[in-house]
Amino acid sequence: MENNPLLIVENLQKVYGDTEAVHRVSFQIEHGQSVGVVGESGCGKSTMVRVIAGLERPTGGQVLFRGRPYHLRPKRKGPSPINMVFQDPMDSFDGRAVLFDSPYEALSHTRRIGRRDAVGEIESVLETVELPASCLRRRISQLSGGQSQRAAIARVLLTEPELLIFDEATSALDVSVQAQIIHLLLQLREQHRRTYLFISHDLALVACLCDRVLVMYKGVLVEEGPVGEVMEHPLHPYTRLLLSCGRAFAMDRGGTPLPEVPQRSAGGDSPCRFYPHCPERTSLCMEVAPEFREYGGGRRAACIRCEKRMTEKADNQI
Ligand code: ADP
Ligand code: MG
């Protein structure tokens, strides 16, 4: 069982009214792997992980966890093998509650434990996330943003999920708090060898935390591969653009938007979603739909020009 992927996402689709937020996304995560998902704001990252975590129902496709279909679970109900830390810590808590209550609730779902016995355990997890025990009796609303996000991480750690999803869990925080939390996540990754799905619009962050990266654009996966290789030799023009824009790219809170390439008069009907913005588009891109193809070494990309380049390269090698 350990040799099988922990998570298999197959043809996942999520539609809200007229918006197809996630379009036929497929990928796998092995045990102990850290996988990053990058892409500009609105590309479907949160929708995809909410469906994976069982917080929303997919419109199509399925999520297999340990080889079995993973179904819808009500938020905050019982221990889940897949657990999430949200961008806004207030999505994880009731602000009026005392900090102790939330991790206690998480803990008591995993086993029978009295409030008194729980204190020691909760304090030691708070120590791991570098929150002083004095915070335990305070209301969540009295904590700073950094403190409540640490509390959200502590709460998730207490439930010991097999897959931890961090959805932009640090992006709303001050740079210094963000750095502390990233340091903490790196430590936890080393110590516990958990499996992570780490969502960010920040490629540099993903590069330091993840083994592999998925690049998402308007609901589709456009590239996947080992993080170092994708950063050094991106296959998809969108990944190249993302990298050239650097850290400040497409900040969720009003940063640099994606630079637009002027649309051609005939544009708009290409089967490639990136066509209107693609600096490398050709007339071929109007005719042939890109497939998310495998190029060896765990690398995949969805670009017709990339396909052509790789085929030509292979032909030249014969
Ligand atoms: P990201 O996390 O990459 O910023 P989201 O998953 O939040 O992207 O959003 C993807 C698309 O789905 C956006 O167009 C967004 O407006 C839409 N969307 C997300 N959640 C909902 C919802 N609950 N109802 C309707 N549309 C939604
Ligand atoms: Mg999001």
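Is Arg305 buried, partly exposed or exposed? Arg305 is partly exposed, with a relative accessible area of 26%; here buried means under 20% relative accessible area, exposed over 50%, and partly exposed in between (1.4 Å probe, protein chains only).

Before we go on, a word on the model. This is a predicted model, in which local features need pLDDT of at least 70 and side-chain atom pairs count only at pLDDT 80 or more, while totals for chains, interfaces and linings use all residues. Residues are numbered from 1 along each chain as its sequence is written, chains are lettered from A and ligands numbered from 1 in the order in which they are written, and side-chain values use heavy atoms, with hydrogens and water left out.

**Salt bridges**

Arg305 has a charged partner: its side chain meets that of Glu280 in a salt bridge, meaning a side-chain nitrogen of Lys or Arg within 4 Å of a carboxyl oxygen of Asp or Glu. Arg305 lies in helix 9 (residues 304-317) and Glu280 in the loop between helix 8 and strand 11, so this pair ties together parts that are 25 residues apart in sequence. Helices (H or I, at least four residues) and strands (E, at least two) are DSSP runs, numbered from the N terminus. Glu280 is partly exposed too, at 22% relative accessible area.

The structure holds 14 salt bridges, and three of them are set out here.

| Pair | N to O distance |
|---|---|
| Arg305 and Glu280 | 3.7 Å |
| Arg155 and Glu105 | 3.9 Å |
| Glu20 and Arg273 | 2.6 Å |

Glu20 and Arg273 form a salt bridge that links distant parts of the chain, 253 residues apart: Glu20 is in strand 2 (residues 19-29), and Arg273 is in the loop between helix 8 (237-245) and strand 11 (293-294). Glu20 is partly exposed at 22%, and Arg273 is partly exposed at 30%.

Arg155 counts as buried at 14% relative accessibility, whereas Glu105 counts as partly exposed at 32%. Elsewhere, a network of salt bridges links Lys14, Arg50 and Glu56.

**Ser148 in helix 4**

Helix 4 also holds Ser148, which counts as buried at 2% relative accessibility. A polar atom of the Ser148 side chain lies 3.2 Å from the backbone oxygen of Gly145. Beyond its neighbours within four places in sequence, Ser148 is in contact (heavy atoms within 4.5 Å) with Pro89, Met90, Phe93, Ile140 and Leu143.

Two strands pair if DSSP finds at least two bridges between them.

Seven bridges join strand 1 (residues 7-16) to strand 2, with Leu7 opposite Ile29. These two strands form a hairpin with two residues between them, and Gly17 in the turn has a positive phi of about 55°. Strand 4 (residues 60-65) pairs with strand 5 over two bridges, and Phe65 has Arg68 in strand 5 as its bridge partner.

Methods
Polar contact = N/O pair within 3.5 Å; in protein donor to acceptor, adjacent residues only side chain to side chain.
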